[in-house]
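Biologist: Before I rely on any label given to a residue or strand, I would like to hear the criterion behind it. Could we go through the labels one by one?

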Amino acid sequence: GGFGGRGFPYNGYPSAGDFSQSVGYLSYVPDGATISEKVAHIADLLTSGRMSSDVLAQIVASFDAGASDEMKIMVAQQLIATSPEFHTTNLVNRDGSPREPTPIPPRTADPYQAIVVLLLRGGFDSFNVLAPHSTCSLYRSFRNNRELLVLQPDEMLSITNDDPDQPCETFSVNSAIPIMKEMYDNGHGLFMANIGHLAKPVTKGNWFTETKTHLFSHTTMERECQLVDAFQEDGWSTGVLGRMLDVHQRNGLSVVANGISGKGPIVEGNPSLGRTVDVIPARGINTLSRVSLDTNNDGLSAIEPMMEYLNQDTSMNSGLFANFWAQNLIDTINRTEYLSALYTSTSLQYPHLFTGSVGEKLGVVSKMIIKNEERSVNRDVFFLDMGGYDGHGLSKEILQGNLPVLNRGLTAFYREMTYQNMLDKITFVVMSEFGRTITPNTSYGSDHAWGGNAFVFGGQVKGGQILGPYPKSFDNTDETNIGRGRLIPSISWESMWYGIANWYGISKFEEMNVVLPNNGNFGCQLFTDKDMYTVGNNTISGCNDRAVNLKMSMFLKEPRYLTGLEQKRICKAAIAAVAKNANVTSRCIVVDQKIIVSYDYNRRLTTVNGTRFLQTTDPTYEVEGTVSMDYQEDSTNQTGSEYIENVEAFTADMSQELTGICTDGTSTCETSGNTLDLVAQVNLFEADVSDSPSFAPSFSSRPSALPSVIPSVAPSRTPSVSPSDVPSNIPSKSSQPSSEPTKEPSAEPSVSQVPSGSPTKSYQPSDHPSVSPSESQQPSDYPSLTPSISPSDKPSLSPSKSPSDFPSTSPSDVPSTTPSLAPSSEPSDHPSLNPSESPTISSMPTPDDPSAKPSAQPSSRPSRDCGPYVPERCGNGGFWSPYTCECLCVAPYCPNE
């Protein structure tokens, strides 16, 4: 039938020579008078003459004597295509012994475990799967920004949340996938909120410069979410599941990587270990078959003996690659035949539930898990996918159409694993390469975004919780929103896989660095199996104790930011220095950096070739950064704190580690191998213990020996054994009186119906008058801030600063320094010391008699000498002005003229 095909042959395989459904066919007719010459000619074309004459003679001898030459040439081509000479460039020396299949290694006593990953390709709109419930205040922001894409209240299934750090007590699961709510409520499923690819924790201010990948690209982000190795430091582009199997294989466990209807980078391991991925179609196990050239039946048996001959054992002087091909071919044929028999003999309890694209694939996974013992496997990983989630148009309709298919598959698998008592043996991850924009586009769809939600379930999963900070708002002002509802992930893929790897039996520091090479770049922002599983007990070394921010400053040889790898090397150097000099385990992140370019402005005038110009020295390039460091030390000493806060020693050690130049100026000192070629000098690396709290506060089960720099805004759930020396910002309300009065007045005094047995002495007067004033024999040393309801019969020792609404019946002994708002009805016996700011204007002239007491100050408006004539009165209601020597009037009583 030629090469390839345009479709599955529904009406049976085509007859020999029928190329109508083939992509191509070989039309070349070999030269030669005999069939032996023709076969030799074909072999020269296919193997460049590497196939010996003895082997060619065996091929010719295997032909059916009654077949035509054309048919014999076809058989020869098929046989040569199975040989090592065709697939390698080695010469092959067969020793005549049949090649035996490699025996399946026996599994160890370690219990069986499997990880299943379902990748939803295209960008899963996961915020319409885990959404704030309509009763949560966050739903308003969600609804306003999602607009027509919003999940409506009648499309929600409510789930409860007990984490007070999450923005809602009640979230919702899309009603089109009720199995997620069922597993969540049963304590078998949890959500990872706003998770995605990160090289390090980033913010709105630095995500663009600190994230070196093609964000929002399907191809790139699918690869990133499967590799989980931002810098690909191992050089092999291996996946996170493949690296887990690498660790277990090196430890002697029997491991298998499986791909259902394909494979992805996530299951690829280190090629030096020789492990391949078993790719299994959704319809079952593929076995080698051959269409007979004359009967259209399975004709493999006709050429099988010759295939075994061509792939016999080889002698020591035979080619290595030829031996590998032959062994791999025999092993593959043997393994597929064994698995096919095993697969067809395995029955499922709920075969009718495994329908749809996802259900069919999970049916294969279920059978493989059930037969793990017969397969002699300790650790399995399975990868499968489902496409169709790239909803640039009508994205809500697309999602609501896909979720029932996904729901049927997950429901069937969950029911089957529960019935087979295998649920405790599996961890299942539902994930996508990225989320989608919260805001819609003009095609009623959403576009590529960043952070999204993942779902994890299994029998030992600590379900019923949402791990990772869910967005507190969907507005553009939110700290995670970089525009259009593209959310910076709150947690990285490493944070999820760290805990899963723990459950999978990987907890050693060195092994975890193989599985998650970049886990150190997230400090303590990782989840362990203690967080994710009911049987977990692992913690992160260097966490759960102390945290400090460090100021870093170093000179570079060119103006640029530190790369991600350089930041990791800086932290590795810091961790090494702390471990070496203080014997303390620590974790480190460079959380921020900025470049400072400085010039020497002491310039001088220079003349060269008659041209005068200002000469300056080269600029200096300095990078300033903030480093967050968590460290764990013995509670009996403070060696870690003492070393880290020793500016001179820590800076000198870091300079030596990063530049390779010793403190004495030589370059022969021993370093940890983290030298940065472009760092000229480290001029500062000091603890900044007072500026700000830790970016990643640790959660300790033991109280700190030192009080917090920033007190909590909420009262403690567990009261302290000993009282604090500092009063609480939020006083507690006790139903019983205190046995001892406090030294400080309460910010919110209680109103007691019964007087205190031991009244406190107030140091400050009350802001409010007493309802029941005490009858004191002595006046208070401090005047009341507000007037008494009942006026006193005695004058005040200290006059009030503000006038009283009730005039005193007795004159004051001390005159006021400010004029009265209401003039006295009787003249004062004492003249004013200061002239009036608003002098009165008398309508009558002053009597001839001079004042009894002349004024101490000159008049602000002295009168003029108007001469001998001064009228007794002015007409029309006017009055005589001694200042202008004329009659004046006061409006509106002025005459018209």
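**Labels and their criteria**

Modeller: Let us begin with strands: β14 (residues 585-598) pairs with β17 in the antiparallel sense over 13 bridges. The model is a predicted one, in which local features need pLDDT of at least 70 and side-chain atom pairs count only at pLDDT 80 or more, while totals for chains, interfaces and linings use all residues. Residues are numbered from 1 along each chain as its sequence is written, and side-chain values use heavy atoms, with hydrogens and water left out.

Biologist: What makes β14 and β17 a pair of strands?

Modeller: Two strands pair if DSSP finds at least two bridges between them, and β14 and β17 have 13; one of these bridges has Thr620 in β17 as the partner of Ser598. The strands themselves, like the helices, are DSSP runs numbered from the N terminus (E, at least two residues, for strands; H or I, at least four, for helices). Strand β13 (residues 546-556) also pairs with β17 (residues 620-632), in the antiparallel sense and over eleven bridges, and there Val548 has Met629 as its bridge partner.

Biologist: Which strands pair with β4?

Modeller: Strand β2 pairs with β4 in the antiparallel sense over three bridges, and strand β3 (residues 156-160) is joined to β4 by five bridges, again antiparallel. Ser172 of β4 is the bridge partner of Ala131 and also of Ser158.

Biologist: Why is β4 described as largely enclosed by the rest of the structure?

Modeller: Buried means under 20% relative accessible area, exposed means over 50%, and partly exposed lies in between (1.4 Å probe, protein chains only). Four of the five residues of β4 (residues 170-174) are buried, and therefore the strand is called largely enclosed.

Biologist: What makes a group of residues a nonpolar core?

Modeller: A nonpolar core is a set of buried Ala, Val, Leu, Ile, Met, Phe, Trp, Tyr and Cys residues joined through side-chain atoms within 4.5 Å. The largest such core has 69 residues, and those with the most contacts inside it are Leu362, Ile369, Leu410, Phe413 and Phe428. Helix α13 (residues 395-419) gives the largest share of this core, nine residues. Counting contact as heavy atoms within 4.5 Å, and leaving aside neighbours within four places in sequence, Leu410 touches residues including Leu118, Ile177, Met180, Leu362 and Phe457. Another core, of 56 residues, lies apart from that one and has Leu119, Met221, Cys225 and Trp503 among its members.

Biologist: How do you know where on helix α10 the buried residues lie?

Modeller: In α10 (residues 300-310) the buried residues are Leu300, Ile303, Met306, Met307 and Leu310. They cover an arc of only 135° around the axis, which puts them on the same side of α10; the arc is that of the directions from the helix axis to the C-beta atoms. On the other side of α10, Ser301 and Pro305 are exposed, while the buried residues pack against α2 (53-61), α3 (69-80), α4 (84-87) and α11 (320-344).

Biologist: Why is the pair of Phe124 and Tyr389 called edge-to-face?

Modeller: Rings of Phe, Tyr and Trp (its six-membered ring) pair if their centres lie within 6.5 Å, and planes under 30 degrees apart count as stacked, over 60 as edge-to-face and the rest as tilted. The rings of Phe124 and Tyr389 have centres 5.3 Å apart and planes at 90°, so the pair is edge-to-face. Both residues are buried. The rings of Trp503 and Tyr504, by contrast, have centres 6.3 Å apart and planes at 25°, so that pair is stacked.

Biologist: What makes Arg379 a charge over the ring of Tyr504?

Modeller: The label requires NZ of Lys or CZ of Arg to be within 6 Å of the ring centre and within 35 degrees of the ring normal. The charged end of Arg379 sits over the ring of Tyr504 at 5.4 Å from its centre, and Lys367 lies over the face of Tyr343 at 4.1 Å from the ring centre.
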